[in-house]
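Dear colleague,

Please find the structure below, passed to you for your records. My notes on what was found follow it.

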Amino acid sequence: MKGRNMTRWRDPAKDPRQEPKSNLITAEGAERLRGILDHLSRVKRPALSTKVGEAAALGDRSENADYTYNKKELNRVIARIRYLTKRLDELTVVDRLPEDTGKVFFGAFVTLEDEEGEEMHIRLVGHDETDTTKRWISVDAPLAKALLGRALDDEVTVAAPGGETTYVITEIAYRDPRA
């Protein structure tokens, strides 16, 4: 039987998904999560509750597609609200610059140059803030772990699917969270 619920077996000791994730988040990331939670709680959930109530008033719920869809959507929103509430309680907001801004720490904008001279701009953020389009990587990612504590012009070697890649740190910058 094939399907989306079927997964291959992974050894729990070697599964990277089982590694503990850091509970760090930037101030702007925490604000974004609070905004999503607020929108879901104040706008989305009441609107869906109203739709479910209206659909339920129409009669037979077993053949009422509007009721079924909105009820599932309401349950999904409630689960997301519960998750965000719990997650925000667990997170540690990093709202200050590190003492040594000449080294790579959480929240840093880093420019790397590979062996071919191509530049890559990344930012080290929390697990909840990763965004591949902006090149924001989790502080738990292998590249980020290799960069932490390194200074300008340091060489960093990272194991990649295509083999080991060496980068040189060409720029380190921070955005003041209080600004």
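Helices (H or I, at least four residues) and strands (E, at least two) are DSSP runs, numbered from the N terminus. The expected span of a helix is 1.5 Å times one less than its number of residues. This is a predicted model, in which local features need pLDDT of at least 70, side-chain atom pairs count only at pLDDT 80 or more, and totals for chains, interfaces and linings use all residues. Residues are numbered from 1 along each chain as its sequence is written, and side-chain values use heavy atoms, with hydrogens and water left out.

Helix α1 comprises 30 residues, 27–56. From first C-alpha to last it reaches 42 Å, close to the 44 Å expected at 1.5 Å a residue.

Ser138 lies in strand β5 (residues 136–138) and counts as buried because its relative accessibility is 9%. Leaving out residues up to four places away in sequence, Ser138 touches Val125, Gly126, His127, Thr130 and Ala144. Val168, in strand β7 (residues 163–173), is partly exposed, at 26%. Beyond its neighbours within four places in sequence, Val168 contacts Thr111, Leu112, Glu113, Asp153, Asp154 and Glu155. The C-alpha atoms of Val168 and Ser138 are separated by 19 Å.

Yours sincerely

Technical notes
Buried means under 20% relative accessible area, exposed over 50%, partly exposed in between (1.4 Å probe, protein chains only). Contact means heavy atoms within 4.5 Å.
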